[in-house]
Amino acid sequence: RWELDGMTAAQLRTVCEELGPDHVLYPSVSRQPLFRHWLGAPTTVDELALPSLSNRVVVLAPQPLADSMARRMADAIRDEWRRIASCATDRVEGDRALWESECGLTWEFAWEVTPWHASGTQGLSEAYCQCFQRNQRGLSEAVARQHSPRRDGRSCASCGRAAMPQGPPSCAACMTKRLLPLVDLPAPLD
């Protein structure tokens, strides 16, 4: 699960660097060990290894930047995943080109840009709740439209997603997670 924290932290770092940490509405980054580590504050290995971030985020971005920001956030996740998966690549037996291709197909992204309509009589928390609900409905619909099997029925024995066509019945994500305890993975955001 900590791999997801590293990928979530990578996308949130993009927002923090480009817009500022106050644009991350959920999850809060203020006391997250990965962000304290990134800023140079003292953290322990145990704190960094403890999963603490959601894989869903809510970001407040100016409307003209929203789609491009979402694409940059997805790119940050892909880059972090490549970094994580590359640590396991040396342990994979078989077709290395296939492995690298599968690692590139592991994550699917969906985002929903929802205008924030707040009036003078409506409180910020009420406006946030309404916006969040509209956004989650739209995101669920986008994910349902996007999810489609990539191959001919082989499924991962761990998670049920499409498995790699050769080797044990595993997808690239589950195979990487199984191999990571055998490698030395640098901390996220370094």
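# Getting to know a predicted helical chain

Q: How do you know that helix α4 (residues 66-89) and helix α7 (residues 172-179) lie obliquely, and not parallel, to each other?
A: In this predicted model, the axes of α4 and α7 come within 9 Å and cross at roughly 60°. Angles under 35 degrees count as roughly parallel, and 65 to 115 as roughly perpendicular.

Q: Which residues bring α4 and α7 together?
A: From α4 come W81, I84, A85 and A88, and they meet A172, A173, T176 and L179 in α7. By class, this contact has seven nonpolar residues, one polar residue and no charged ones.

Q: What makes α5 roughly perpendicular to α7?
A: Helix α5 (residues 96-104) packs with α7 at an angle of about 105°, and their axes are 9 Å apart. Since 65 to 115 degrees counts as roughly perpendicular, an angle of about 105° puts α5 and α7 in that class.

Q: Which residues meet where α5 packs with α7?
A: W99, E102 and C103 in α5 meet A172, M175 and T176 in α7. Sorted by class, the contact has four nonpolar residues, one polar and one charged. A172 and T176 of α7 also take part in the meeting with α4.

Q: Why is α4 called roughly antiparallel to α5?
A: The axes of α4 and α5 come within 10 Å and cross at roughly 155°. An angle over 145 degrees counts as roughly antiparallel, so that is the name for this pair. In handedness, α4 passes α5 in a right-handed crossing.

Q: Which residues do α4 and α5 bring to their contact?
A: W81, A85 and T89 in α4 meet R96, W99, E100 and C103 in α5. By class, there are four nonpolar, one polar and two charged residues in this contact. W81 and A85 also meet residues of α7, and so do W99 and C103 of α5.

Q: What makes α7 largely enclosed by the rest of the structure?
A: Six of its eight residues are buried, and α7 is therefore described as largely enclosed. The buried residues are A172, A173, C174, M175, T176 and L179. They pack against α4 and α5.

Q: How do you know whether T8 is buried or exposed?
A: T8 lies in helix α1 (residues 2-18). Its relative accessibility is 4%, and buried means under 20%, so T8 counts as buried. Leaving aside neighbours within four places in sequence, T8 is in contact with L53, S54, N55 and V57.

Q: What makes A76 count as buried?
A: A76 is a residue of helix α4. With 12% relative accessibility against a cut-off of under 20%, A76 counts as buried. Not counting residues up to four places away in sequence, A76 touches A10, Q11 and T14. The C-alpha atoms of A76 and L12 are separated by 8.8 Å, although these residues are 64 apart along the chain.

Q: Why is N135 called buried?
A: N135 is found in helix α6 (residues 124-146). Its relative accessibility is 16%, which is under the 20% limit, so N135 counts as buried. Setting aside residues up to four places away in sequence, N135 touches E112, V113 and T114.

Q: What does the whole chain look like, from the N terminus on?
A: The chain has seven helices and two strands. Their order is α-β-α-α-β-α-α-α-α. Buried residues make up 38% of its 190 residues.

Q: Which share of the contacts with a separation of 6 or more comes from residues 24 or more positions apart?
A: Such residues account for 63% of those contacts.

Q: How much of the accessible surface belongs to carbon and sulfur atoms?
A: The accessible surface of the chain comes to about 11,100 Å², and carbon and sulfur atoms hold 54% of it.

Key: Residues numbered from 1 in each chain as written. Predicted model: local features only at pLDDT ≥ 70, side-chain atom pairs only at ≥ 80, totals over all residues. Heavy atoms only, no water. Helix = DSSP H or I, 4+ residues; strand = E, 2+ residues; numbered from the N terminus. Buried < 20%, exposed > 50% of the residue type's maximum accessible area, 1.4 Å probe, protein only. Contact = heavy atoms within 4.5 Å. Areas by Shrake-Rupley, 256 points an atom, 1.4 Å probe, with all protein chains shown as cover. Axes fitted to C-alpha atoms, helices over the stretch in contact; angles between N-to-C directions. Nonpolar A, V, L, I, M, F, W, Y, C, P; charged D, E, K, R; others polar. Left-handed = near helix turned anticlockwise from the far one by under 90°.
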